[in-house]
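User: Could you walk me through a few parts of this model? I'll ask as I go.

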Amino acid sequence: MIPRIQKRGQRTIGLLYYLYGPGKFEEHTDPHLVASWDNNAPDPGRDPNATLQQLQQLLDQPVENVEQAARPKKHVWHLSVRNAAEDRTLSDEEWGEVARRMVAAAGIDDPAQGAGCRWAAVRHADDHIHIIATLVREDGFNPDLDHDAARVQAQARTLEVELGLRRLNKGDGTAAKRPTSAERHKAKRQGRERTAREELRESVRRAVAGATSEAEFFDRLAGAGLLIRKRVAPSGDLLGYKVALPDDRNAEDDPVFYPGARLAPDLSLPRIRERWSGATPEHGNAAPSKDNGVRTGVHAPAGARRRTATAAWQAVVVVERGDDAVAAAHIAAAGEVLDALAKTSAAHTRRELREAATAFERASRSHVRAEWGHDRALRQAARDLVDGGPAMGRGEDGATTAMAIDMLFFLITAAAHWHAKKGHAQQAAAARQAAEHLRAAYQTAAAQPIGVLYQRGRRLGRPLLQRQTTLLREALPQLAEQILAEPGWYALAATIADAEAAGHNPATLLSDAVERRELNSADSVSDVLVWRLRRTADLPADSTGLSKRGAPTRRSVTEKAAPRPSASGRARGGKEASGKAR
């Protein structure tokens, strides 16, 4: 149940005409009263002898009874209350009780407080009602409407339980503003999947991802095709900005501009500048090294994804165990990484990654103020993803995309746990939703590279597989039998062979991979260990350029590989190697 207090107005009759009229798009059906201040107000919708003017005069009577100077400038209070699409249809009696509870909670007409304001609740659709009230009480005093929005939200949470409706999470005032009904209807009329507000929010967030200065931020906005208006002080200092879509026009054919703060609280210019107050990310790609997860010779998109995997891996510990302010900065920076990854990924993963970034937007901020600067690695990763440009769907690009998504899944899951511990219900739910989209994106991205590793593992000789089975049982006695029963075991076996051929101690790699991070949220432990080992051991994410024992073939790992069998092969017991890691 979503109650929304609309802007106050001056004309009672004007709002009544809208509520009882056909609607802007002929969507109003059977408008009628379901409740009123005295349960005896005339109903122009059902009573042929009642008129809108009669109802308006009765509602305005307390306002007319006080002196002009004592009347509120805008005396019309308007609340809409809407149920979710999956909720059952409430009866008129139930909606009437909802209206009475809402006006009492808001301070409009609480029987326990004595005299109240006059109000009426109109229903013109199955899923919502509108409550109109005039803001002078019967005793001539004004109502106490302090925190009325918070009070009606709290009442909605109570009514959801009592009426068996979908239960929404309690908010904390940090959510982005929802599109208005007018914006939604406009988008539908124009054939848009999303409203202009939502498109602009995504574009601005992507422009913020990894940016280091105002000039770069505004260049990115212009490059995205947005119209920009800057607010400049007489001193010449930049105070703020507005953006618009070129084809989003009002009735006068002027562009409809939205200030950054109206898109989301953290998209105002002062809040964006806070991100630049810490350490400044470097331009271009960092020097290749084992520590930052960059393999020598790996081209830009793949290198950026390896660095993203490393930064996400390191950030999990900060979110799980670090100071709240530092953890909040890392969570916000994780949102930048998701925005950048969605922008630059191949078509087959782009939709799920975009949905993950959109969902996580709500989880990227709370009342815990972020301490910027410690999140440099994540913001650098976001910048590298943008600078690296679009990635291909196969080869090292595709495999490192799966690696990055795998690491990000655990970071976003850690963010969900952090928010839940803090009582941030909406943010925790948003992070969990983002994690589910990452799960789906991973399954798509990992199918080919995990499938190749699976086929290589199946071709390993029996003596080598037996030796690796013994090694696994010795290194991970608590997890070994679970891993050996998974289709992904063969992919892990191939990875162990690659690590051993590269001079690493596989037992040490396995122990470190398990001890340093949790595995409880993984559907396939073997898949997770594949990416952790390949990242830590600096192995190619795409193994099509390796022989069965891990030695490089004549073909470079960055050269496009010939098509190889995917994850459609059957594993032991008839299971498929699906690349499912979550």
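User: Which residues of helix 13 are buried?
Analyst: The buried residues of helix 13 are L378, R379, Q380, A381, A382, R383, D384, L385, V386 and G388, where buried means under 20% relative accessible area, exposed over 50% and partly exposed in between (1.4 Å probe, protein chains only). Helices (H or I, at least four residues) and strands (E, at least two) are DSSP runs, numbered from the N terminus. This is a predicted model, in which local features need pLDDT of at least 70 and side-chain atom pairs count only at pLDDT 80 or more, while totals for chains, interfaces and linings use all residues. Residues are numbered from 1 along each chain as its sequence is written, and side-chain values use heavy atoms, with hydrogens and water left out.

User: What covers those buried residues of helix 13?
Analyst: The cover includes helix 6 (196-208), helix 7 (214-223), helix 9 (269-275), helix 10 (300-321), helix 11 (324-344) and helix 14. Ten of the 13 residues of helix 13 are buried, so the helix is largely enclosed by the rest of the structure.

User: And what comes just after helix 13?
Analyst: G389 follows there, and takes a positive phi of about 80 degrees.

User: Switching to H419: where is it, and is it buried or exposed?
Analyst: H419 lies in helix 14 (residues 395-422) and is buried, with a relative accessible area of 1%. Leaving aside residues up to four places away in sequence, H419 touches I331, A363, S366, H424, Q427 and A428, a contact being heavy atoms within 4.5 Å.

User: Now strand 4: how many of its residues are buried?
Analyst: Five of the five residues of strand 4 (residues 119-123) are buried, with W119, A121 and R123 on one side and A120 and V122 on the other, which leaves both faces covered. In a regular strand the side chains alternate between the two faces of the sheet.

User: Which strands does strand 4 pair with?
Analyst: Strand 2 (residues 32-36) pairs with strand 4 in the antiparallel sense over four bridges, and S36 has A120 as its bridge partner in strand 4; two strands pair if DSSP finds at least two bridges between them. Strand 5 (residues 128-134) also runs antiparallel to strand 4, joined by five bridges, and W119 stands opposite A133 in strand 5.

User: How many residues lie between strand 4 and strand 5?
Analyst: Four residues lie between strand 4 and strand 5, and the two strands form a hairpin.
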